[in-house]
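The following note sets out numbered remarks on the model under review. Please read each point alongside the coordinates.

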Amino acid sequence: VLMTAAQAFLNGELRRSESLLATLRALNRYLDGRSMPGEFLTLWIGLYDAEARTLEYIDAGHGFAAHAPISGEPRLLQEGGGPPLGISPTHDWAPVTLALAPGDQVFLFSDGLAEQRDARGEFFGLERAMESLRAARTPEERIQELTELVLAHAGGGALADDLTLACVEALAGQPPTG
């Protein structure tokens with residue numbers, strides 16, 4: 001119920017505000033009055049500016065995002081982090097702006113990927129996810145490969161948690177105008 005209420009509030013707030021930080025602050029205040037002690041919400045939120053080819057993002061306790069540049073090594077996006085929402089009504093987060101070159105990809109995934117265990121209890125982990133991002137592929141290929149890898153790691157059985165994957169690629173060519 002808390003997640004549904006937070007999603008509805010976030011949807012409305014994003015339509016009213018142009019500031020990710022103001023949106024996050026408002027959502028945090030909203031949750032403060034509606035959550036039980038010990039309840040919190042993790043969130044990774046980003047806003048892509050196609051004209052400037054920048055991604056502004058804030059990581060509120062989520063921790064599962066990576067930048068796969070067209071040239072260079074993929075890296076976890078660990079800047080701009082902060083505690084989950086609902087922990088402290090007055091906490092502030094620091095937005096981060098990431099410049100993206102055409103072909104760069106930003107990959108987001110849920111904790112169900114990294115925390116999936118195999119039959120011996122070993123986590124799939126962030127290292128396996130990052131290793132998969134090292135070879136340049138389309139977003140669809142990356143998602144397909146990671147899905148197959150985590151399912152194989154789970155032994156073909158049911159996953160222990162949800163598996164949510166998203167990959168966004170900065171487009172080449174002229175950015176859209178006005």
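1. Asp118 counts as buried because its relative accessibility is 13%; the term buried denotes under 20% relative accessible area, exposed over 50%, and partly exposed in between (1.4 Å probe, protein chains only). Asp118 is found in the loop between helix H3 (111–114) and H4. Its side chain is joined to that of Arg120 by a polar contact of 2.9 Å. A polar contact is a pair of N or O atoms within 3.5 Å; within protein, one must be able to donate a hydrogen and the other to accept it, and residues adjacent in sequence count only if both atoms are side-chain atoms. Helices (H or I, at least four residues) and strands (E, at least two) are DSSP runs, numbered from the N terminus.

2. On provenance, this is a predicted model, in which local features need pLDDT of at least 70 and side-chain atom pairs count only at pLDDT 80 or more, while totals for chains, interfaces and linings use all residues. Residues are numbered from 1 along each chain as its sequence is written, and side-chain values use heavy atoms, with hydrogens and water left out.

3. Ser17 is placed in the loop between helix H1 (2–16) and helix H2 (20–32). With a relative accessibility of 17%, Ser17 counts as buried. A polar atom of the Ser17 side chain lies 3.1 Å from the backbone nitrogen of Ser19. When residues up to four places away in sequence are not counted, Ser17 touches Ala22 and Thr23, contact meaning heavy atoms within 4.5 Å.

4. The helices on either side of that loop, H1 and H2, pack with their axes 10 Å apart and at an angle of about 145°. Axes are lines fitted to C-alpha atoms, for helices over the stretch in contact, and angles run from 0 to 180 degrees between N-to-C directions. H1 and H2 cross in a right-handed sense; a crossing is left-handed if the near helix is turned anticlockwise from the far one by less than a right angle, and right-handed if clockwise. The H1 residues include Phe9 and Glu13, and those of H2 include Thr23 and Tyr30. This contact comprises eleven nonpolar, one polar and one charged residues, where Ala, Val, Leu, Ile, Met, Phe, Trp, Tyr, Cys and Pro count as nonpolar, Asp, Glu, Lys and Arg as charged, and the others, Gly among them, as polar.

5. Helix H4 (residues 125–132) and helix H5 (residues 139–153) have axes that come within 10 Å and cross at roughly 145°. Their crossing is right-handed. Arg128, Ala129 and Ser132 of H4 meet Arg142, Glu145, Leu146, Leu149 and His153 of H5. By class, three of these residues are nonpolar, two polar and three charged.

6. Which residues touch the most other members of the largest nonpolar core? Within its 16 residues, they are Leu24, Leu27, Leu31, Leu43 and Leu85. A nonpolar core is a set of buried Ala, Val, Leu, Ile, Met, Phe, Trp, Tyr and Cys residues joined through side-chain atoms within 4.5 Å. H2 provides the largest share, six residues. Leaving aside neighbours within four places in sequence, the contacts of Leu85 include Asn28, Phe40, Ala60 and Trp93. Another core, of 15 residues, lies apart from it, with Leu76, Phe109, Leu133 and Val150 among its members.

7. Most residues other than glycine have a negative phi. Arg53, however, has a positive phi near 55°. Arg53 sits in the loop between E1 and E2 and counts as buried at 16% relative accessibility.
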